[in-house]
2 protein chains.
Amino acid sequence: MSSTTPDALAQRLADSGLRSTPQRELVYSVLLAKRDHPTADQVFTRVKEELPGISLATVYNCLETLVSCRLVKQVNLEREPTRYCPNLHPHAHFHDEITGATHDIDLPPAIFSKLRAVLPPGYAAQGVEITFRGKAAAAAVTCSEE
Amino acid sequence: MSSTTPDALAQRLADSGLRSTPQRELVYSVLLAKRDHPTADQVFTRVKEELPGISLATVYNCLETLVSCRLVKQVNLEREPTRYCPNLHPHAHFHDEITGATHDIDLPPAIFSKLRAVLPPGYAAQGVEITFRGKAAAAAVTCSEE
DNA sequence: GTTGATTATTAGAATCATTCCAATTTCCTG
DNA sequence: CAGGAAATTGGAATGATTCTAATAATCAAC
């Protein structure tokens, strides 16, 4: 599992010339603590328990900062609110249509060469995003669970 | 190529107990005419040239109707406005980050079994969505071009 | 450690795609 | 034609996100 600890945050921020702040640390630790792909609003709710004075704008700012530091990825499903994911491994998402939960699916590196093969010549993909929709077995557990 | 003509529309609508209207036909023909994955707003602009009195709400309604008839698919990239696509073949999307254009990429059926294989037991995918990001060669042309 | 300059946070206003609403209008069916 | 269902319409409402301008925290040098 990606051993990206909250401690790593200060370093990453410094690398980008940014400061480590209580808000940023808390937002990041909330993402690490419960990897259920929360929305900004859900992060806001969780973070407020520890830091009641924080504002939603700050949560958005912190999330944006974490994304720009490449510590967190955004996940967009349909037109729903953006979700945030601290899993940096190459992975796909499985959107359970029954529960609404989103699970991470680890991807073997081999799949990427197979996918690249479907691109016509001249297409240079810098990234791929794979999203499944369907039903997940109740007991199913991968690298991320709710 | 999918030979879904505007004529097929009336039949599909009837199958769903819906009426064929000038607005619906025009919206659909606009999608067929230029397969560049337009947004609702872009469809609105194109449709107004022929039917100046049409309202944006109607365009949204028509698009929604076409989607519910399974004649058109929605494409969501990041948090950008929803785009509409009359290509019913299984296909991926390639989002050209330079031009902003979205191209269809035909998918060989084999890729689906490979993708299904990455799912842990218990996960039943009903659909997959694959989106590439990167640069497309200028001359690149697939089943859909701008 | 005070002074500035830079960077963060904040509350609330603004934006923008989309949906909702209530009021016509259109279209069948009898 | 009359009645009723289905569509369309303009405008208001929604909701996630971004912007703005003001305040607060932090850092670097003196």
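Biologist: Which residues touch the most other members of the largest nonpolar core?

Modeller: In this predicted model, V128(A), F132(A), V128(B) and F132(B) do, out of 20 residues in that core. Two or more residues come from each of β3 (91-96) and β5 (123-136) of chain A, and from β3 (91-96) and β5 (123-136) of chain B.

Biologist: What makes this set a nonpolar core?

Modeller: Two conditions: its residues are buried and of kinds such as Val and Phe, and they are joined through C-beta atoms within 7 Å. Buried has a cut-off too, namely 20 or more other C-beta atoms within 10 Å. As a general point, nonpolar side chains tend to be buried together in soluble globular proteins.

Biologist: Which residues is F132(A) in contact with, leaving aside its neighbours within four places in sequence?

Modeller: In chain A they are A92(A), F94(A), H95(A) and I105(A), and in chain B they are L119(B), A125(B) and V128(B).

Biologist: How many residues of chain B are in contact with chain A?

Modeller: There are 33, and they meet 33 residues of chain A. On the chain B side, β5(B) supplies the largest share, with 14 residues. By class, that side has 19 nonpolar, 8 polar and 6 charged residues.

Biologist: Let's turn to the helices. Why are α2(B) and α4(B) called roughly perpendicular?

Modeller: Helix α2 (residues 22-33) and helix α4 (residues 56-68) of chain B pack at about 75°. The label covers angles of 65 to 115 degrees, so α2(B) and α4(B) are roughly perpendicular to each other. Their axes are 9 Å apart.

Biologist: Which residues meet where α2(B) packs against α4(B)?

Modeller: From α2(B) come Q23(B), R24(B), V27(B) and Y28(B), which meet T58(B), V59(B), C62(B), L63(B), T65(B) and L66(B) in α4(B). By class, this contact has 6 nonpolar, 3 polar and 1 charged.

Biologist: Now the DNA. What makes a residue count as near a strand?

Modeller: Its C-beta atom has to lie within 6 Å of the strand. For DNA strand C, 20 residues surround it, and the closest are T21(A), Q23(A), S55(A), T58(A) and T82(B). Helix α4(A) gives the most to that surface, with 4 residues.

Biologist: Which residues are closest to DNA strand D?

Modeller: They are T82(A), T21(B), Q23(B), S55(B) and T58(B), among 20 residues that surround DNA strand D. Here α4(B) provides the largest share, 4 residues. The surface near DNA strand D divides into 8 nonpolar, 8 polar and 4 charged.

Definitions and conventions
Residues are numbered from 1 along each chain as its sequence is written. Chains are lettered from A and ligands numbered from 1 in the order in which they are written. This is a predicted model: local features need pLDDT of at least 70, side-chain atom pairs count only at pLDDT 80 or more; totals for chains, interfaces and linings use all residues. Axes are lines fitted to C-alpha atoms, for helices over the stretch in contact, and angles run from 0 to 180 degrees between N-to-C directions. Angles under 35 degrees count as roughly parallel, over 145 as roughly antiparallel, 65 to 115 as roughly perpendicular and the rest as oblique. Two residues are in contact if their C-beta atoms, placed from the backbone, lie within 7 Å. Ala, Val, Leu, Ile, Met, Phe, Trp, Tyr, Cys and Pro count as nonpolar, Asp, Glu, Lys and Arg as charged, and the others, Gly among them, as polar. A residue is buried if 20 or more other C-beta atoms lie within 10 Å of its own, exposed if 12 or fewer, and partly exposed in between; C-beta atoms are placed from the backbone.
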